[in-house]
Amino acid sequence: MRKFAVFSGFLGSGKTTAMIALTSCCNRHHKKAAMISNDLGHGVNLADHRLAMLHGCNASEMTEECICYQNENLADRLNAYYDEGCKLVVSDIPGFGVGALEHVYHGLTEKFPGQFDLAPFTVLVEPRTVELLRTGNGGDMEYLLDTQLIEADLIVLNKCDLISRDQADADKTWLKEHYPQAQVIFISAAKGEGLENLAQILMNQKASLRRPDIGYSGEDFLSAMGKLSEYYMQYYAVVCCNTFDGNDYLMDMAKEIQAQIQESGWEIPHLKLLAWEPEGDFGKADLLGVDRPIEVSHRFANPCTQIAVILNASAACPPDLLEQLVTGAVQEVSARYQLELMIYKKECFGMGG
């Protein structure tokens with residue numbers, strides 16, 4: 001049995017954390033597993049892949065475009081993993097992506113008939129996503145939130161450690177009522193809860209290979225995508241003294257970007273900040289909206305003397321303005337900490353073309 005599963009889900013639903021936790025769990029307790037990070041940025045060692053490597057995962061990345069349009073490359077990558085003895089491979093798609101059910105699952109089935117055993121098409125959601133859909137407050141992004149769930153064979157309600165069991169049960173009931181085609185389970189990838197159940201479903205169940213009408217490339221799709229931009233930056237920083245606190249630096253950076261985007265009147269559904277030292281110590285902070293607390297998923301254990309930083313922002317903001325605001329925040333906060341920066345990668349582009 002050689003299974004492949006796509007993890008879809010909106011920005012900040014915890015796809016990368018779930019893939020890291022799942023593959024680690026499988027490698028410890030079951031059969032060999034691997035993960036593929038899919039990113040639209042150019043180059044290598046982008047944020048999600050770097051994070052997976054820092055966690056010691058069996059991981060690789062596919063960059064520059066969605067795996068929806070890389071069927072041949074994906075097939076080669078899967079076969080390489082299977083040749084290594086992997087029994088389960090999972091890949092994400094960009095957090096605003098829809099259409100992977102058609103383009104990835106049906107694409108692989110039609111181009112490589114009988115070669116791949118497809119696990120249930122999996123969509124991760126967090127409690128905030130369910131709240132936005134239940135209240136009709138998803139705004140311009142509601143089409144994407146809803147459409148991703150319409151595609152699902154399996155809906156995984158993640159971050160259940162952040163809500164009560166009663167709320168988790170209520171969210172699960174609502175999801176089952178509104179997306180009856182899908183099985184619904186809940187997990188906490190950060191706490192390692194529910195991963196065994198998720199692994200068993202992916203290993204033992206199959207994709208339905210439905211073809212729901214999601215209005216791909218229609219007016220709602222184009223309207224939603226036209227408001228989204230992506231920003232990537234990678235840089236190296238030399239620290240001026242031994243008292244530099246990398247955790248404070250990441251937190252202040254996230255706060256400054258949050259304030260700048262909020263003041264501009266736009267939204268930032270996900271900002272990833274990952275920094276690490278050559279010895280392997282690292283810190284990670286995430287921002288999931290202008291009105292939400294900053295999440296710190298990993299902290300530096302010691303003061304830093306030099307760090308490498310990857311910043312990835314997905315925002316509902318014009319690309320020129322997003323680049324101006326984020327680049328300005330990086331420079332301002334770094335100057336405040338007296339860091340000497342060497343920027344070796346920066347790009348920003350709109351998703352609407």
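User: How many nonpolar, polar and charged residues are in the lining of the largest pocket?

Analyst: The lining of the largest pocket holds 15 nonpolar, 16 polar and 13 charged residues. Here Ala, Val, Leu, Ile, Met, Phe, Trp, Tyr, Cys and Pro count as nonpolar, Asp, Glu, Lys and Arg as charged, and the others, Gly among them, as polar. Before we go on: this is a predicted model, where local features need pLDDT of at least 70 and side-chain atom pairs count only at pLDDT 80 or more, while totals for chains, interfaces and linings use all residues. Residues are numbered from 1 along each chain as its sequence is written, and side-chain values use heavy atoms, with hydrogens and water left out.

User: How much space lies in the largest pocket, and which residues are the closest to its centre?

Analyst: The general idea first: rolling a probe the size of a water molecule over the atoms shows where empty space is left. On a 1 Å grid over the protein atoms alone, a cavity is a set of points where a 1.4 Å probe fits but cannot get out; a pocket is an open set with protein on both sides within 12 Å along at least five of seven lines, and lining residues have an atom within 4 Å of a point. Points are joined across faces, edges and corners, and the volume is the space filled by probe spheres set on them. In this structure the largest pocket has about 860 Å³ of space. It is lined by 44 residues, and Gly14, Thr16, Thr17, Lys284 and Asp286 are the closest to its centre.

User: Which element gives the largest share of that lining?

Analyst: Helix 1, with eight residues of the lining of the largest pocket. Elements supplying at least two residues each include helix 1 (15-29), helix 2 (47-54), strand 9 (229-238) and strand 13 (306-316). Those numbers come from DSSP runs, counted from the N terminus: helices are H or I with at least four residues, strands are E with at least two.

User: And what about the second largest pocket: how much space lies in it?

Analyst: About 430 Å³. Among its 22 lining residues, Leu132, Gly138, Met141, Glu267 and Pro269 are the closest to the centre. Helix 5 (127-135) and strand 10 are the elements that give two or more residues to this lining, and helix 5 has the largest share with three. By class, the second largest pocket's lining splits into nine nonpolar, six polar and seven charged residues.

User: How many cavities of 30 Å³ or more does the structure hold?

Analyst: One. The largest cavity has a volume of about 40 Å³. Its lining includes Asn247, Leu250, Lys284, Val296 and Arg299. Helix 10 (246-264), strand 11 and strand 12 each supply at least two of the lining residues.

User: At what angle do helix 3 and helix 4 cross?

Analyst: Two packed helices are described by the angle between their axes and the distance between the axes. The axes are lines fitted to C-alpha atoms, for helices over the stretch in contact, with angles from 0 to 180 degrees between N-to-C directions. The axes of helix 3 (residues 71-83) and helix 4 (residues 100-111) come within 10 Å and cross at roughly 75°. These two helices are therefore roughly perpendicular to each other (under 35 degrees is roughly parallel, over 145 roughly antiparallel, 65 to 115 roughly perpendicular, the rest oblique). On the helix 3 side, Asn71, Glu72, Leu74, Ala75 and Leu78 meet His103, Val104, Gly107, Leu108 and Lys111 of helix 4. Contact means heavy atoms within 4.5 Å. The contact of helix 3 with helix 4 divides into five nonpolar, three polar and two charged residues.

User: Is Ile201 buried or exposed?

Analyst: Buried, with a relative accessible area of 4% (buried is under 20%, exposed over 50%, partly exposed in between, with a 1.4 Å probe and protein chains only). Ile201 sits in helix 8, whose buried residues also include Leu198 and Leu202. Strand 1 (3-9), helix 1 and strand 4 (88-92) are among what covers the buried residues of helix 8. Not counting residues up to four places away in sequence, Ile201 touches Pro120, Leu154, Gln183 and Ile185.
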